Every structure is written in structure tokens, then in C-alpha cells.
Amino acid sequence: MILAVGYDHGGFVLRAAVADFLRGRAEVRDFGIFEEQRSDYPDIALKVALEVSEGRADLGVLACGTGIGMTVAANKMRGIRAGVCNDVETARLGKAHNNLNILAMGGRLIAPEQAPAILEAWLSTPFEGERHLARINKISAAEASTLSTEGLGGGRVVVFNHPLVQHKVSIIRDKNTSVKEFRELVQEIAGLMVYEITRNLPLSEIEVETPVALTKAWALSGKKLAVVPVLRAGLGMVDGILQLIPNAKVGHVGLYRDPETLKPVEYYCKVPQDIGEREVFVLDPMLATGGSAAAAISLVKERGGQKVSLVCLIAAPEGIKRVHAVHPETDIFIAALDDRLNEHGYIVPGLGDAGDRLFGTR
Ligand code: PRP
Ligand code: URA
């Protein structure tokens, strides 16, 4: 387990007690402050929250004077559920009911000796799920329609959860959705995502003669694009994307995930010869452990790809963390960020096996 921790001058008094408690229990990523000095709690809270939000840390611990400032700041980051817990019962219920992924304490309200029991209650209590999960899902749904966070390596995670996209994602999650409908919807969602993934394409000014007047206008400035679906399931996204960017070239990477080891096994790779001159979008509906996506991006880079982004429909935090560990500069575009992986490496709640659902093979 990886924990990100951070303190301002008001929480500094708890620093040693927290470090002692976590030693041997978790890998700790420490965002300071390292010496007692006046500091701004948002600077620290936002760094810790970003680590958790982007899956580089599993959980976070923050301390300021009361725990409130840190909590307010941390909750601005996507997927963060931070709460002030200055006693054991709040910590226990904060996990059982609210699945707090960041616990904040107040160095001016509790003594250092109280911190270990609070942390123990939080870490050892399981989330109860069920009605509490339904409530948390309502909070997630209220987060803004397009959210973007930037990782330390520069690669962004952009969640394109536009209402239309969310509606269509809900239908493909449903196990009763037919193969035909699933296939159509995957294409439609991929098509809608084009608006987001191409947002930064450069434009140049041109002159256009309308029936009324000569005017200046904007045109795409010749940026070349390529899409590279990861076989099989990535194929399901290609046509939806090509409808909007018909001149993009198409490469293919063949990978399957070994069901025992969950490691990707490569069986095919062919990309456009001029891949180095193109902006490349690797396509795969599912980002689970991230092994397949990281390997696919590596294959594209080995063949000369320079600017490579990843476009997925559903991602697990573990997959984002893995891809950014290997390719920190890669932008990852997703339609939904799910909770976790199960023991078989499937995304929960996810949609099951995307390849089988697209091609009707099960
Ligand atoms: C699925 C999916 C991804 C991969 C994701 O493919 O389409 O490529 O799993 O898992 P990961 O992030 O843990 O690597 P699968 O291996 O089932 O192959 P298929 O598309 O040929 O069915
Ligand atoms: N591959 C899938 O198709 N679905 C998952 O949930 C994980 C890997």
C-alpha cells in the first residue's frame, strides 16, 4: 500500500507520530513540510490529493491546525473523499460509510499520542459498500463534465464525463445490452470523445471567400493524426473516431492479456511508416492493470512515435498509475474512472470483457 502524506505548520506536531505509525505498514510518499515553518496548506493538500486522484498513491494523510483547510483543498481534486477525523469513531465511520481516501487531522485539536488509534481505525475498517456506494456514486456524478488533472510527468488524465457520454457508458455497462447495441455505442462514445482528444490541435488563419465577402477564418494546420487500436477491443472504437477525422492513418497493435499472469502478450504490430510525424492516439476501451496500454504505447514509441496519447472508455486507478509510471508524459483520455480491480484483474464495476462483448465470443 502506498500512502501520500503532508503537513503544514499547524499539523507539523503530528508528523513524527504519523511517520512512526506508518513505518512498516505502508510505503510513504512524503510531501512535507519537513521542518516547522509557516506554509500554505493548499500547496501540500493539492499535491497529496493529486497523488491519490491519479492513482500513484492508494490513500492520503494530511494534517493542519484543525484538518479543515487540508480537507477543503483536497476535495477539489477529482475522486477525492477527504474528511476531518480527530477521533477514532469518526475515522471508523468515515471509512465504513464514506470510504474516505484521505484522512485529515488537526494538530491543534489532538495530541500526537491520539493519532495512531485514529489511523488504525481508518485503515483497518472496510468500506461497507451497498447503499453507501450508491451515495458515493451520486457525488462522483456531480463532478464536472470534463475534468483534467496534470500528473508530475506532464501527462494529463482527462475524464470526459459529458452527460451524453455518461448515459451511453451506463448502457454498455449493463450486462443485458446486446452485442449489436454494445458495438454501436462503443463507436458512438469514441466519436464523442474525439471532440476532447483533438481540442488542442493547432489552427492556422486562412482566407475564405463567402458569397458575401472575403473573410479570415481558421483551418486545421495540417497536423497529421494516427489511431492505433489495441486488438481486439480497440477495433470497436476506430470507425467512431474516423467519422470525425477521416484522414487519420490506422496502425494496429495485437496484445492479449494472459489470464493467469495478467501480463500482456504481443502478437502483432504495424503502424504507419511516418508515425513519428503524427499525433498518435492509442485506442483500447479498457484500462485495467495498464499492462496492455503501457506495452502498446511502448511499441508505438519503439517504431518512432513521438506524441502518443491513450484513449479508453473505462479506466481503473491502477491502470492510470501504471501507464503514467512507464509513460509519464502521456495524456490519458477516459469516459469513466471506476473504483478498482477485482482479484481477476477486471475493472469494478466496469463492463466485463470488452472484446467478448463487442464480438459476441462469450
Ligand atoms: C482487454 C482490453 C485491454 C486489456 C486491458 O483485452 O481490451 O487490451 O484487456 O487489461 P490490462 O489493462 O490489465 O492490460 P484482452 O486481453 O481481453 O484481449 P482481447 O481484446 O483480445 O479480448
Ligand atoms: N479487460 C477487459 O475487457 N475488461 C476488464 O475489466 C479488464 C480487462
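What follows is a short chat about a sheet, a strand, a helix and a ligand.

Modeller: Heads-up: this is a predicted model, where local features need pLDDT of at least 70, side-chain atom pairs count only at pLDDT 80 or more, and totals for chains, interfaces and linings use all residues. Residues are numbered from 1 along each chain as its sequence is written, chains are lettered from A and ligands numbered from 1 in the order in which they are written, and side-chain values use heavy atoms, with hydrogens and water left out.

Biologist: In β5, what is the bridge partner of Val-84?

Modeller: β4 and β5 (residues 102–106) run parallel and are joined by three bridges. In β5, the partner of Val-84 is Ala-104.

Biologist: Are the residues of β7 buried or exposed?

Modeller: Buried means under 20% relative accessible area, exposed over 50%, and partly exposed in between, with a 1.4 Å probe and protein chains only. From β7 (residues 156–160), Arg-156, Val-158 and Phe-160 point one way and Val-157 and Val-159 the other. In a regular strand, side chains alternate between the two faces of the sheet. Five of the five β7 residues are buried.

Biologist: Which residue in β18 stands opposite Val-159?

Modeller: Strand β18 (residues 332–334) runs parallel to β7, with three bridges joining them. Opposite Val-159 stands Ile-334.

Biologist: Which residues of α9 are buried?

Modeller: Helix α9 covers residues 235–242. Its buried residues are covered by elements including α8 (179–197), β10 (224–231) and α12 (354–359). The buried ones are Gly-236, Met-237, Val-238, Gly-240 and Ile-241.

Biologist: How much of the accessible area of ligand 1 does the protein cover?

Modeller: Polar contacts are pairs of N or O atoms within 3.5 Å. An oxygen of ligand 1 is 2.5 Å from a side-chain N or O atom of Asp-284, and an oxygen of the ligand is 2.5 Å from a side-chain N or O atom of Thr-289. Of the 510 Å² that ligand 1 has on its own (Shrake-Rupley, 1.4 Å probe), the protein covers 91%.

Methods
Helix = DSSP H or I, 4+ residues; strand = E, 2+ residues; numbered from the N terminus. Contact = heavy atoms within 4.5 Å. Pairing = 2+ DSSP bridges. Polar contact = N/O pair within 3.5 Å; in protein donor to acceptor, adjacent residues only side chain to side chain.
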